[in-house]
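Welcome to the tour. Please have your viewer ready, with a selection tool at hand, and follow along stop by stop.

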Amino acid sequence: MTSMTGYAYEEKSGDTAVVSVEIKSVNSRFLDLTINLPPYLNQLESYYRNKISEKVLRGKVDVYIRVKELESDTEISADTGVAKSYLEAIKKVAQATGYSTEIPLSLIISQPGVLNSNKSYDVEKYKGLIDPLFDSALKTFVSDRTREGENMKKDLLAKLSKLEECAKFFVEWQPKMEEIFKEQITSKFKELLGEHADENRIMTETAAMLVKYTINEEIVRLNSHISAMKNELENNPVPGKKLDFICQEMNREINTIGSKNQFAEVGAMVITAKDSLENIREQAKNVE
């Protein structure tokens, strides 16, 4: 089982550049992946996107690939024709305004189009620098999510055990409820009719009460959902979506037990069951 939260960072300084790779993720219903690259390396986005998608199924994942160049491949060229045109134009302005000071070279070369830079980028060279770091960061990232996932699995199983105790309590209380219902109805009949109360009528009324308030079916389904969740936690490497569905089903059964309940002891255990389930639901949101 894997957590949807994770983090990894790798950095390396080479002869020509300093390269870093950062990967971090938080919860999301689906895979929401963002790759941040220097603009001149945008063509590598799909390549690194595929690498992440092979390892991650859910989560909001942000990848930052940064390159700081130590040596520049920039070529500077001068357009002398444009420079001469600027010089002639500036001279005319100077003559027209009576400006006689010698025109500085810095004024000419600072004009647009006089000096031009042309930088070439060897994408394959940068890819060769990034790949080892990216693979190392991705391995650490996956390991971090797996480690956290194992801790979450232990926590979920502990919380599920608490919910299982609640279900066991409901099972034990089911026959007690039947006895209490029968005693209450018998008491009312004897109060009205004395010792002439009809036993068959008492049994009929008790049966009607049990049909209305019995929680046996809900208990059976709740235990079934608990078993299903255990199975998902133990055998499904990516149970996140399934856990969410099972939690919804458990919640339905617990709510029904609560609505049918007529006893303070059962009511208290319903509250405990809801609290346990809420803890499970919150933790399950972090599961891939």
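Which residues form a nonpolar patch on the surface? Select Ile76, Leu105, Ile109 and Leu115: these four make up the patch, and together they have about 400 Å² of accessible area. Keep in mind as you look around that this is a predicted model.

Stay with Ile109 for a moment. This residue is found in helix α3, so select residues 105-109 to see the helix around it. Ile109 has a relative accessibility of 37%, and because that value lies between the 20% and 50% cut-offs, Ile109 counts as partly exposed.

Now zoom out and colour by secondary structure. The protein chain has eight helices and six strands. If you switch to colouring by accessibility, 36% of the 288 residues in the protein chain are buried.

Next stop: the largest pocket, which holds about 270 Å³ of space. To find its centre, select Arg29, Arg58, Gly240, Asp244 and Lys285, the closest to that point of the 14 lining residues. Then highlight α7 (240-260) and α8 (264-284), the elements that each give two or more residues to the lining.

What kinds of residue line this pocket? Colour the lining by residue class and you will find eight charged, four nonpolar and two polar residues.

Notes
Residues are numbered from 1 along each chain as its sequence is written. This is a predicted model: local features need pLDDT of at least 70, side-chain atom pairs count only at pLDDT 80 or more; totals for chains, interfaces and linings use all residues. Side-chain values use heavy atoms; hydrogens and water are left out. Patches are made of residues with over 30% relative accessible area and no salt bridge: like charges are joined within 9 Å, nonpolar side chains (Val, Leu, Ile, Met, Phe, Trp, Tyr) within 5 Å. Accessible areas come from the Shrake-Rupley method with a 1.4 Å probe; for residues, only the protein chains shown count as cover. A salt bridge is a side-chain nitrogen of Lys or Arg within 4 Å of a carboxyl oxygen of Asp or Glu. Helices (H or I, at least four residues) and strands (E, at least two) are DSSP runs, numbered from the N terminus. Buried means under 20% relative accessible area, exposed over 50%, partly exposed in between (1.4 Å probe, protein chains only). On a 1 Å grid over the protein atoms alone, a cavity is a set of points where a 1.4 Å probe fits but cannot get out, and a pocket is an open set with protein on both sides within 12 Å along at least five of seven lines; lining residues have an atom within 4 Å of a point. Grid points are joined across faces, edges and corners, and a volume is the space filled by probe spheres set on the points. Ala, Val, Leu, Ile, Met, Phe, Trp, Tyr, Cys and Pro count as nonpolar, Asp, Glu, Lys and Arg as charged, and the others, Gly among them, as polar.
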